[in-house]
Amino acid sequence: MKVKPSEYLKEMKPVLLRLRDRLLQEYPYASILASDSISKQYAVSKTVTSVGMTERLSGRGFVVKVYDGSCYGEYSFNEISEEQIEDIAAKIREELWPMSEKLPEGVRKSVYAMLEDEPLVFSDSTEYEIDPQEYGDEAIIRQLTEASESGRAYSDKVLDCRAFVNYQKYSKLFLSKNRDMEQNVLWMSGGFSVMAARGEELKSSYRGFSNLGGAELLTKMQEDVCDVAKVALELLESEPIQPGEYDCVCTPETTGMIVHEAFGHGVEMDMFVKKRAQAEQFVGSQVASELVTMHDGASAAREVATYFFDDEGVLAQDTVVIDKGILKAGISDAQSAMHLGTVPTGNGRRESYQRKAYTRMTNTFFEGGQDKVEDMIASIDYGFLLEEPSSGMEDPKNWGIQCMVSIAREIRDGKLTGKIYSPVVLTGYVPDLLKSISMVSEEVKLGGGGMCGKGYKEWVKVSDGGPYIKARIRLG
């Protein structure tokens, strides 16, 4: 089934069109982004059951963008009626534009051309099997409770199993002089966090799940809960790793973290504008093994970051960032693209209607290759299989990377020995790491259990992943 359009936006559209027409009397370009979103989160553990709205991902509101012939201004609001149209136009004229004359010392206005506004009428929706709103809170909590209880029953060493999900259903309209676009999207994500103990020693294992769809994800999750508990028990036997450089095989989840932290943020082209990303200097150069081809785009995959157009009215795309090891392009929002003289890639995203659009990743991943996972492991004399990434940090200006991985499974003479090291820190200079990739699996997997911030704020939903890769990696 396809996600239904918002009745609220349908009701508001005639007024929004009249506001658009009123603004076009005063400005050569005017657009309106309207959004209606609902998001809920659920969690069950041994001691707590919770249900609540996700404030960051819920709300209704509007963003007007206008052009005065040299630069752009934006005005956001969450109420509109026929009677308010002139008031909104007056506030933009009398309050917004004077702000551009009061810039802090050392800050100057940039002069921009007018955004392209090619004619397009468009409406589409993503698909789902079970609508979480219709399925209901009680049914969702029941399935999470069953999963939590299964995880806790796996062993008397399991202290707790937290099972959780959240979903977002949103509708957006984009209206300009020549564009009338609508999209309706539903995604769901969740996970398990299992804590186990042996004496005073505590270890935990986490696994995330996601889909571009609805509550059908819950059934998929339940199949894996005991495996997460098993890994938590294995971690009780883990040891600290000896720091050094090793041949490693990365699972798709670990590959995804590397992709996201190593090249995702580094090729967000608003960082090029600010001269904060070293990647700008390497466009056209080899930055990775010839086995590496990297994509980013809302239309590049079907996952939680999939949409049909971005928050600036640019159609979703599939951008080839790296092609056989050569850095081809970055990703951009419309304003950054104009500043740099490039074409926008459909990556202009807002945390909400109250926030500015920034260049943001969407579905970011490496393409698959031709190798078998068993052959990759068999090729290693001594090294590790890296699993369960937990967090990562990047430095786009110096192209450094530091990621946390919970599990390093020892490989000796081409076989897994059963020995586990944890926790593990993965570090290195990005081109060195990616140029060392020597094998790439056929299997490709993406996941979108988390969210991504621009620095420490501006959170949006993203997905990442790829194949298993074999690389030379510094671990500590």
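**Entry 1**

I looked up E388 and found it buried, at 13% relative accessible area (buried is under 20%, exposed over 50%, partly exposed in between, with a 1.4 Å probe and protein chains only). This is a predicted model, where local features need pLDDT of at least 70, side-chain atom pairs count only at pLDDT 80 or more, and totals for chains, interfaces and linings use all residues. Residues are numbered from 1 along each chain as its sequence is written, and side-chain values use heavy atoms, with hydrogens and water left out.

E388 sits in strand β16, residues 382–395 (strands are DSSP runs of E with at least two residues, helices runs of H or I with at least four, numbered from the N terminus). Its phi is near 55°, a positive value in a residue other than glycine. I noted D413 as well, with phi near 55°. D413 is in the loop between β17 (400–412) and β18, and it is exposed, with a relative accessible area of 62%.

**Entry 2: a cis peptide bond**

I found a cis peptide bond between S422 and P423, with omega about -15°. P423 belongs to the loop between β18 (415–421) and β19 (424–429).

**Entry 3: cysteines**

How many disulfides does a search of the whole structure find? I got 0, taking a disulfide as a pair of cysteine sulfur atoms within 2.5 Å. C161 is buried at 0% relative accessible area, and C250 is buried at 0%.

**Entry 4: salt bridges**

Side chains of opposite charge can pair when their charged atoms come close. I counted 33 salt bridges in the structure (a side-chain nitrogen of Lys or Arg within 4 Å of a carboxyl oxygen of Asp or Glu).

I looked at R207 and D227, whose side chains meet at 2.8 Å, N to O. This pair links distant parts of the chain, 20 residues apart: R207 is in strand β8 (residues 201–211) and D227 in helix α6 (residues 225–235). R207 is partly exposed at 23%, and D227 is partly exposed at 34%.

E410 and R412 form a salt bridge at 3.5 Å, N to O. E410 is buried at 5% relative accessibility, whereas R412 is partly exposed at 42%. Elsewhere, shared partners join R22, E26, E86, R93 and E94 into one network of salt bridges. R22 counts as buried at 15%, while E26 is partly exposed at 30%.

**Entry 5: surface patches**

Which residues gather in a patch of positive charge on the surface? I listed K274, R276, K356, K397 and K457. Patch residues have over 30% relative accessible area and no salt bridge; like charges are joined within 9 Å, nonpolar side chains (Val, Leu, Ile, Met, Phe, Trp, Tyr) within 5 Å. K274 lies in the loop between α8 (270–273) and β10 (294–296) and is partly exposed at 41%.

I also noted a nonpolar surface patch of L159, M195 and L202, with about 250 Å² of accessible area together (Shrake-Rupley method, 1.4 Å probe; for residues, only the protein chains shown count as cover). M195 is in strand β7, residues 179–198, and is partly exposed at 35%.

Definitions and conventions:
Lys and Arg count as positive and Asp and Glu as negative; His and the chain ends are not counted. The place of a charge is taken as NZ of Lys, CZ of Arg, CG of Asp or CD of Glu.
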